Amino acid sequence: MHILSKFRTAAVLSFLLWGAFSSAEACTGIKLKAKDGSIVHGRTLEFGIQVDTSIVVVPRGYNFEGTTPNGKGLKYQAKYAAVGAIAFDNPAIMDGMNEKGLSVGTFYFPGFASYPTITSENQAKALSPVEFSNWLVTNFATIDEVKAGLKDVVIAPTISKAWGPTPTPFHYIVFDKSGQCLVIEPIGGKLVTYDNRLGTFTNSPQFDWHMTNLRNYINLTAENPKPLKVDGLEFASFGQGGGMVGLPGDFTPPSRFVRAAIFSISAIPSADAKTAIFQTFHILNQFDIPVGLARDKVGDVTYSDFTMITCARDPQSLKYYFKTYDDQNIRFVDLSKFDLDGKALKTFKTSTGAQQAIDISSQL
């Protein structure tokens with residue numbers, strides 16, 4: 001085959017694969033505030049390919065090294081111990097929380113993420129898109145610290161084969177224990193930040209676009225509308241939920257952002273963080289995608305989004321909660337029960353391999 005033909009074939013394949021994955025972008029994140037003032041937050045993970053996830057505990061002082069298209073990048077040690085989820089056995093937390101209560105979430109951002117060229121001048125402070133979240137969660141305690149530290153890092157257009165044939169487009173959400181929230185997006189080769197008071201997050205397009213789009217839905221309310229009277233006729237809602245007529249119900253990122261914002265704003269506050277965690281899971285259940293409901297076919301291959309894992313973080317108790325598609329039981333890891341000065345990573349595969357149901361017949 002002529003070299004130009006080979007290049008065109010590879011380019012077409014990369015474009016098709018990127019197209020399949022770009023439609024597979026259904027992660028949704030929310031934040032809730034309990035009556036006692038505590039903050040919790042959580043997210044779902046969906047993707048067009050099976051993402052092999054594990055839970056990891058990273059001790060203080062653990063050494064990391066970034067990767068770039070030109071080789072090794074930023075070298076750093078974990079200042080803080082952290083717990084969270086990693087993908088494809090890459091020891092870089094993509095969603096998690098550290099001992100100070102700072103949390104991070106990585107979300108797909110196709111079509112909008114763009115990275116700087118890596119040169120001899122910036123390579124020593126470069127990280128891949130997969131590694132950037134790990135650097136955040138192992139090095140900072142507050143949003144103000146994160147903002148100050150961003151000048152010391154760049155995200156490199158590094159290809160991670162497990163995620164696809166091109167540099168994986170991600171953007172990020174960060175919370176600190178006080179509830180402050182920051183969005184970080186790689187746009188035009190720079191890291192653009194937004195304060196996020198709602199704590200709501202999804203995928204493309206940019207965060208500021210989603211916030212502007214919310215203005216189209218300010219009429220929606222959890223309160224049922226009053227009956228309308230016209231010339232002696234009365235028109236009443238058919239039942240509960242009439243205030244939400246017009247709420248977008250599809251799985252696109254803009255529609256999910258609207259639903260997530262309205263559901264979290266409208267939620268009646270739980271008493272404390274522990275009960276708010278379960279409320280977080282109840283709300284995120286509204287964003288579950290069963291296998292096959294959101295899919296894209298490329299050639300003979302069908303890529304189907306589904307909710308692989310749902311996570312919730314409690315920065316008060318330092319507990320990281322999760323459930324998976326194959327195991328709807330909520331499990332958690334308590335970071336405070338580990339030796340935070342340990343020398344090795346502690347990992348646990350999230351997949352159990354089969355759904356389970358509990359037989360309570362004998363209890364009747």
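Guide: Buried means under 20% relative accessible area, exposed over 50%, and partly exposed in between (1.4 Å probe, protein chains only). This is a predicted model, in which local features need pLDDT of at least 70, side-chain atom pairs count only at pLDDT 80 or more, and totals for chains, interfaces and linings use all residues. Residues are numbered from 1 along each chain as its sequence is written, and side-chain values use heavy atoms, with hydrogens and water left out.

Visitor: How many of the residues of α5 are buried?

Guide: Helices (H or I, at least four residues) and strands (E, at least two) are DSSP runs numbered from the N terminus. In α5, 10 of the 14 residues are buried, so the helix is largely enclosed by the rest of the structure. Among them are Pro253, Phe257, Val258 and Ile262, and the buried set also includes Arg256 and Arg259.

Visitor: Against which elements do the buried residues of α5 pack?

Guide: They pack against β1 and α4 (207–213), a contact being heavy atoms within 4.5 Å.

Visitor: What span does α5 reach from its first C-alpha to its last?

Guide: The expected span is 1.5 Å times one less than the number of residues. With 14 residues, α5 reaches 20 Å, close to the 20 Å expected.

Visitor: Over which residues does pLDDT stay under 50?

Guide: pLDDT is the predictor's confidence in each residue, from 0 to 100. The chain averages 91, and 93% of the residues score at least 70. Over residues 1–23 pLDDT stays under 50, and the model has 26 contacts beyond four places in sequence for that stretch. Where pLDDT is low, the predicted coordinates should not be read in detail.
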